[in-house]
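Morning, everyone. Please have the sequence and the model open, and follow along as I talk.

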Amino acid sequence: MAAEHVIPYGRDVAKIDLTALDGPPPTGEPAHYVVITAMTPTSFGEGKSTVAIGLAQGLAVRGERPLLTLRQSAMGPTFGIKGGAGGSGRARILPAERMNLHLTGDFHAITAAHNLLAAVLDNHLHHGNALRIDERTITWPRVLDVNDRALRHVIIGLGGATDGVTRQSTFDITPASEVMVIMSLATSLADLRARLGRIVVARDLDGRWVTAEDLRAAGAMAAVLRDALEPNLLRTGEGAPALIHTGPFGNIATGCSSVIADLVAARGLAGGTGGTADPDTPRSDADGRATGPGYVLTEAGFGADMGLERFFDLKCGVSGMRPEAAVLVVTVRALKAHSGRYRVVSGKDLPAGMLEENLDDVRAGAGNMLRHLEIVRGFGLEPVVAVNVFPTDHDSEVAEVERIARAAGAKVAAVRPVTDGGPGCTGLADAVVAACTGVRRGSGSPSAVGRPLYEPEDDLRTKIGKVAAMYGADGVDYAPAAARFLDRLEADGYGGLAVVVAKTPLSLSADPALKGVPTGWRLPVREVRLAAGAGYVYAVCGSISTMPGLPSRPAAERIDVDVDTGEILNLR
């Protein structure tokens with residue numbers, strides 16, 4: 001990207017002006033596009049972001065041009081159990097404090113825009129309700145980027161006659177806002193403005209959908225969000241560039257960083273080799289600087305069952321981009337967890353037995369990894385397995401994971417991004433380069449690989465059924481209210497929208513207790529919700545909380561600031 005598109009934001013962060021997307025597409029060979037996903041994770045996560053950062057640094061060590069696109073950290077998890085989400089050790093996004101606290105204020109803008117619509121809605125009720133909104137059908141909550149269970153269910157409008165209409169309402173965490181996922185999928189300011197207008201907040205007394213456009217709130221929301229639509233430029237600890245933008249909730253949304261960040265990255269990294277796609281063409285100048293097409297690396301939330309499906313069916317459906325390679329992150333501890341022999345509890349130490357050398361546990365849980373390899377291949381990609389090595393892992397266990405992955409026909413590399421940074425990920429970098437090169441040798445175009453799970457013309461039940469089948473379900477069971485709502489959506493013209501299945505990320509099934517590769521189960525859809533602005537319908541399976549609570553000892557208790565230097569302390 002040209003220097004004129006970089007807008008400094010303080011000393012160590014910048015925003016990218018959206019004019020970077022103007023003009024004709026660049027000539028030359030297009031950038032390689034790589035998505036990082038994972039097997040079914042434990043509640044601790046398996047380090048997808050850390051591996052993605054390490055891969056970017058490993059590619060740079062190999063003389064390639066990487067550009068990483070990641071979600072921004074939400075402050076709720078930062079102050080809760082998880083801590084920051086910008087990597088760890090020698091594979092981190094810098095400045096870490098900015099990454100995990102406020103950054104350039106994008107999340108605050110999303111919070112304000114979301115709550116502006118809520119305020120306009122309640123103000124409309126207070127001033128006579130000219131749209132005849134049925135208060136019982138209002139679905140638009142308020143949001144806050146703090147974990148606060150006490151706000152999950154609230155009564156608003158208490159007080160006198162001038163204090164608004166009294167009604168029951170809710171709070172979600174900001175990443176769960178539909179405005180957040182709209183920001184992540186918007187391709188321009190005009191697209192953002194149109195999507196905001198399509199947000200559905202309620203129905204009127206005749207059953208008609210009431211939108212943000214009906215309330216005349218969408219324009220002001222777009223004004224609040226204008227600058228936040230520009231992606232943020234940071235770097236890794238070894239200097240690889242990273243675009244950090246948006247952070248939609250993985251449970252009920254895409255769980256991916258923004259389309260705009262990927263489009264900007266792809267345009268900036270197109271090569272000048274004349275489109276030969278020849279791996280033997282020189283990729284560097286006389287000074288050794290890389291000149292060929294770069295590598296756009298992005299991450300899909302949770303495992304390949306949830307994250308990769310939404311990446312293809314929602315994000316790629318909007319951007320038109322298709323990856324050439326998928327990195328599947330696995331860990332020894334996740335394989336052991338999927339043996340079904342241990343109970344892993346978020347916020348508590350791993351069971352002592354999981355830290356002992358045990359190849360039988362690894363083999364017993366390997367079915368989950370193998371199932372995710374099948375899922376990746378179902379999207380038209382050959383997976384590259386990254387074994388993220390923890391200090392407590394035994395060499396024999398890591399070697400066993402590699403053996404099983406190779407036996408399944410996958411490229412595989414053990415990586416140590418936390419302790420070794422880029423040099424600890426060069427084997428993975430080589431495997432990714434080989435995978436992308438193989439695609440271009442075989443097809444000549446990245447568009448020949450990567451395919452969605454369902455077609456836009458499929459009806460909503462067919463789409464949900466195809467997603468459930470990919471998980472391994474024998475079928476789908478709809479609660480009566482959910483079935484009626486699906487019928488209503490189809491009748492009112494929303495049948496062409498994409499779908500999101502909101503289920504636990506801790507199992508291939510909808511039951512977090514079922515590990516490995518569950519069989520003989522059906523997907524229970526207890527509720528269906530509409531996210532018209534984002535462009536999807538989501539089926540809620542099981543209990544999904546969109547406002548997390550804090551643990552008994554939240555991370556916020558240890559975070560502080562050095563009053564003499566201003567340094568933020570104990571942020572992880």
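This is a predicted model: local features need pLDDT of at least 70, side-chain atom pairs count only at pLDDT 80 or more; totals for chains, interfaces and linings use all residues.

The lining of the second largest cavity divides into three nonpolar residues, five polar and one charged. Which residues line the second largest cavity? They are Gln-72, Ser-73, Met-75, Asn-100, Leu-101, His-102, Phe-107, His-108 and Asp-145. The volume of the second largest cavity is about 40 Å³.

How many cavities of 30 Å³ or more does a search of the whole structure find? Two. The largest cavity holds about 60 Å³ of space. Its lining includes Val-332, Arg-333 and Lys-336, and also Leu-350, Met-354, Leu-355 and Glu-356. Thr-392, Asp-393, His-394 and Glu-397 line the largest cavity as well. By type, this lining has four nonpolar residues, two polar and five charged. Helix 10, residues 332–337, gives the largest share of the lining, three residues.

Now step back to the whole chain. The chain is divided into three parts: domain 1 (34–64 + 290–443), domain 2 (106–224) and domain 3 (460–540). Note that domain 1 is written as two stretches, 34–64 and 290–443. The centres of domain 1 and domain 2, taken over C-alpha atoms, are 38 Å apart.

Next, the second largest pocket. Where does the second largest pocket lie? It lies between domain 2 and domain 3, because both give residues to its lining. About 1,200 Å³ of space is in this pocket.

Strand 22 gives the largest share, five residues. By type, the pocket lining has 22 nonpolar residues, ten polar and eleven charged.

On to strand 3, residues 32–38. Seven of its seven residues are buried, so strand 3 is largely enclosed by the rest of the structure. Look at the two faces. In a regular strand, side chains alternate between the two faces of the sheet. His-32, Val-34, Ile-36 and Ala-38 point one way from strand 3. Tyr-33, Val-35 and Thr-37 point the other way. All of these are buried.

What does strand 3 pair with? Strand 15, residues 295–299, runs parallel to strand 3, and five bridges join them. There, Tyr-33 stands opposite Val-296. Strand 16, residues 325–330, also runs parallel to strand 3, again with five bridges. Here the bridge partner of Ile-36 is Val-327.

Cys-256 counts as buried, because its relative accessibility is 1% and the cut-off for buried is under 20%. Cys-425 is in no disulfide either. For Cys-425, the nearest cysteine sulfur is that of Cys-436, 16 Å away. Cys-425 has 0% relative accessibility, so this residue counts as buried too.

Definitions and conventions: Residues are numbered from 1 along each chain as its sequence is written. Side-chain values use heavy atoms; hydrogens and water are left out. On a 1 Å grid over the protein atoms alone, a cavity is a set of points where a 1.4 Å probe fits but cannot get out, and a pocket is an open set with protein on both sides within 12 Å along at least five of seven lines; lining residues have an atom within 4 Å of a point. Grid points are joined across faces, edges and corners, and a volume is the space filled by probe spheres set on the points. Helices (H or I, at least four residues) and strands (E, at least two) are DSSP runs, numbered from the N terminus. Ala, Val, Leu, Ile, Met, Phe, Trp, Tyr, Cys and Pro count as nonpolar, Asp, Glu, Lys and Arg as charged, and the others, Gly among them, as polar. Domain bounds come from an automatic or database domain assignment. Buried means under 20% relative accessible area, exposed over 50%, partly exposed in between (1.4 Å probe, protein chains only). A disulfide is a pair of cysteine sulfur atoms within 2.5 Å. Two strands pair if DSSP finds at least two bridges between them.
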